[in-house]
Number of protein chains: 2
Amino acid sequence: MAKQKKTAITPTRDENYPEWYQQVVRAAELAENSDVRGCMVIKPWGYALWENIQRGLDKMFKDTGHVNAYFPIFIPKSYLEKEAEHVEGFAKECAVVTHHRLEQGEDGKLHPAGELEEPLIVRPTSETIIGATYAKWVESYRDLPILINQWANVVRWEMRTRLFLRTAEFLWQEGHTAHETEAEAWEETRKMLEVYKTFAEEFMAMPVLTGEKTAGERFPGAVSTLCIEAMMQDRKALQAGTSHFLGQNFAKASGIQYSNRDGGRDYAWTTSWGVSTRLIGGMIMTHGDDDGMIMPPRLAPSHVVILPIIRNEEDREAILAYCNEIAANLRKQRFHEREVEVVVDSRDINAGEKGWGWVKKGIPVRAEVGPRDMANNSVFMARRDTGEKQGIDKDAFVDGIVATLEDIQQGLLQRALAHRAENTREIDSYEEFVQFFTPENKERPEAHGGFAMSHWCDGSECEDKINDELSVTIRTVPFDRAEGGAGACICCGKPSSGRVVFAKSY
Amino acid sequence: MAKQKKTAITPTRDENYPEWYQQVVRAAELAENSDVRGCMVIKPWGYALWENIQRGLDKMFKDTGHVNAYFPIFIPKSYLEKEAEHVEGFAKECAVVTHHRLEQGEDGKLHPAGELEEPLIVRPTSETIIGATYAKWVESYRDLPILINQWANVVRWEMRTRLFLRTAEFLWQEGHTAHETEAEAWEETRKMLEVYKTFAEEFMAMPVLTGEKTAGERFPGAVSTLCIEAMMQDRKALQAGTSHFLGQNFAKASGIQYSNRDGGRDYAWTTSWGVSTRLIGGMIMTHGDDDGMIMPPRLAPSHVVILPIIRNEEDREAILAYCNEIAANLRKQRFHEREVEVVVDSRDINAGEKGWGWVKKGIPVRAEVGPRDMANNSVFMARRDTGEKQGIDKDAFVDGIVATLEDIQQGLLQRALAHRAENTREIDSYEEFVQFFTPENKERPEAHGGFAMSHWCDGSECEDKINDELSVTIRTVPFDRAEGGAGACICCGKPSSGRVVFAKSY
């Protein structure tokens, strides 16, 4: 066995993928667990990434005609109960506020006091509270459509949590729209899915499949849930965003009624759509390697770090001036509507430790500058994605930075596309299907699983059976399902109108 | 009595100021009460204003070396209890989460279930939960300072709420910093107060006084609370932002300890500082008039609305093209690092109603364009601040827009400064002091009150007596208090080192 390369992250992805993930989150200083069960602290480097995600999405929402607003964090219990499937979906995991003060008891300690007449739920999602508001705003068809998005925190009391992927509190955006017609609401549902797909691929460099969820995987209360689904490096699927066509379900529950063009009264058609801090987990598992995080340049909090290497104190001033000049020239360039963002890390700590810190954080480009580089009018540049390192003339470095960042951005997407292609297979026999998802798969001992494109009869029995036996679910039913041709259900052999995407998932 | 001008807001400020305020919030479509007690819905026009406030402040925070992060919404009860004054300050008004699911009871209804071992408080402020995190992050003086800000929602269960000014849930930012030395922490406390003052005056066009709060008005647990204090049009004071020097109180409560330069262990010195959606209330009450809101241009969601006046359908296309061309040319200009933001409101509704809608929303500049304006190559422009209207050549309008906006911005600040100067008085006798704050003041029947600059002995007895008798409090003790010279306490006659600011307040 060849001597293994030393990696910054222990264990490696092959050794223990879930633990590798936790270690990358820690080493990249993205987030950490707090003392409050299931709630995370998003650290500055992770939050800056979230701010860039927000900026990118927010612009796309506004470009498609949406505006932002803010609705209460609390939902009266009776509101949640208005939609039967909805409350059933969320009742088991919600934070309930029952009192509005603390009072000293006879034991000298503080206890909850001032019991509320009606308990309040910390929003797990806002369809019901926003619906109650829309019901007041909408009188006539002239008041439609309402196209609003909210950036907010939500709470779902998950029992098993994992940083970014599943936390009790998380940050997200939730779009809530109301329309005059069914067709318009459907158009909105699909349009926002397309926005998510574009964002995932162009900003996150994370390819996604789109399609519809099966009835069993639908958002509680929705008529249809559309989703974007990505493949992680361990070949599991990650649901990265959803767009729900809610029909008139929530409009009826909340009383969003309007006078139509014929003078009658109709219920509005509504949609909702959201992505969350989970996207950060998706980026880590799409791009990260055994040395830590790799940031796609379009979302990276900073693009370039310049590392002055000062061996003799007398060089300090000159080297720092040289570094700052390069930084200033880099900052004059623009990469996708952002200034090229540069850190000159002149902290007086061990140079190796400092460099590795930035590797682990995943900054796209590092540039070391020592006395010799300065003498040669050059920098020693390293790309995080390929690991490629080279001495390069400083002007060429500055002039080429935008192309370099674009190359990294595209390279990451291509690598993820290739990974997905390698691990996607059309499977038509149940035996092969089982083998594909079984760890002891001899053919690919460390690489079982992926996306199985297989036929399905549309029956929930087959879906449940496969889930029970293999912990494999239907991730999405592609919109163009029929184009690949009909076939026989992988499970029961009954007719299928086309292949769907099976995978293990987060 | 002269016939009164018809106003868009009923009642007027003079008739009923508190009710005028509510009506402006409603008419300007800034916010509304939700069905959840004390929680507001921030409507798109109000939220866009908040986004501009965020953008302006966030840049100032980053320029002063701060980064953003995010901490849990929940605070374990025991954390809040760690600082005795702190918990006393917040225990009486906090939302308490006691259960983590809803379960169907024998009555068939859903009831809180899954009782938590320890109740969680929805953060009213985050010193204790953030302190617990900093305690983990800080080991040595090399880890200091920590300079972090958080944008978040907080909940304080206020009994009497008023939109923006006092709500159970509100949006804010809270900076939390930890330092090696007392002097550094003091410097930070003052620096952030200065940031708030600059923001209030330069962005909000709202002049503020700065100084220190008295012991009785301090943030619970702080050693000292600094504040910015503004005068509203009804001459009451509004505390618009605070910056707290926390000494080592919270560091001791949370265990934020570090190895100092001499190898010993010290507690860090911390600060916290915040402003909230209350600022929006301050802007309404500083600038609004009897026709509604007036937006200071630097924060206005849009700067200009163009209103096509279409009397004949055959003109529609030409007029809209003319309006869109003007809009495109306006958008090429930049006003304080933002593109000039323009709405072309071509909605097919009553022209008067449409125009008044924008007046009430407070957009800085309106430009009407009818067939005659188009024929003359002009627009009919109206300024919201002065009410001034004029026909103006379209190129002159476009070329002059930045100067116009700047003039409005400065004009609003000057008007507010003049109002404050008119209603600030040095008062040295208690009789005059009482008269100043008494509604039956003959001298100024509809204009009693304001800022009384009077001497104070530093005794809480005098402070309490004045509050009990007149509902007047010490808003701030100016930093340069001594410069105006010593004197005798307005209440007891004992020596005073200088004047302080007395006023009624929100």
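**Questions on chain B and its interface with chain A**

Visitor: In S6(B), what is the bridge partner of B:His99?
Guide: Strands here are DSSP runs (E, at least two residues), numbered from the N terminus, as are helices (H or I, at least four). S5(B) and S6(B) pair in the antiparallel sense over seven bridges; two strands pair if DSSP finds at least two bridges between them. Within S6(B), B:His99 is bridged to B:Glu115.

Visitor: What kind of model is this?
Guide: Residues are numbered from 1 along each chain as its sequence is written, chains are lettered from A and ligands numbered from 1 in the order in which they are written, and side-chain values use heavy atoms, with hydrogens and water left out. Local features need pLDDT of at least 70, side-chain atom pairs count only at pLDDT 80 or more, totals for chains, interfaces and linings use all residues, and the model is predicted.

Visitor: Which residue in the turn between S5(B) and S6(B) has a positive phi?
Guide: The two strands form a hairpin, with five residues between them. The positive phi is about 80 degrees and belongs to B:Gly108.

Visitor: In S5(B), what is the bridge partner of A:Val96?
Guide: S5 spans residues 96–104 in chain A and in chain B, and the two strands pair in the antiparallel sense over three bridges. For A:Val96, the partner in S5(B) is B:His99.

Visitor: How much area do chain B and chain A bury between them?
Guide: Buried area is the accessible area (1.4 Å probe) that two parts lose on being put together, summed over both. Carbon and sulfur atoms hold 66% of it. The total is about 5000 Å².

Visitor: Which residue of chain A meets B:Lys62 in a salt bridge?
Guide: A salt bridge puts a side-chain nitrogen of Lys or Arg within 4 Å of a carboxyl oxygen of Asp or Glu. Chain B and chain A share four. For B:Lys62 the N to O distance is 3.3 Å, and the partner is A:Glu51.

Visitor: Which residue stands opposite B:Phe74 in S6(B)?
Guide: Strand S4 of chain B (residues 74–76) and S6(B) (residues 110–122) pair in the antiparallel sense over three bridges. Opposite B:Phe74 stands B:Val122.
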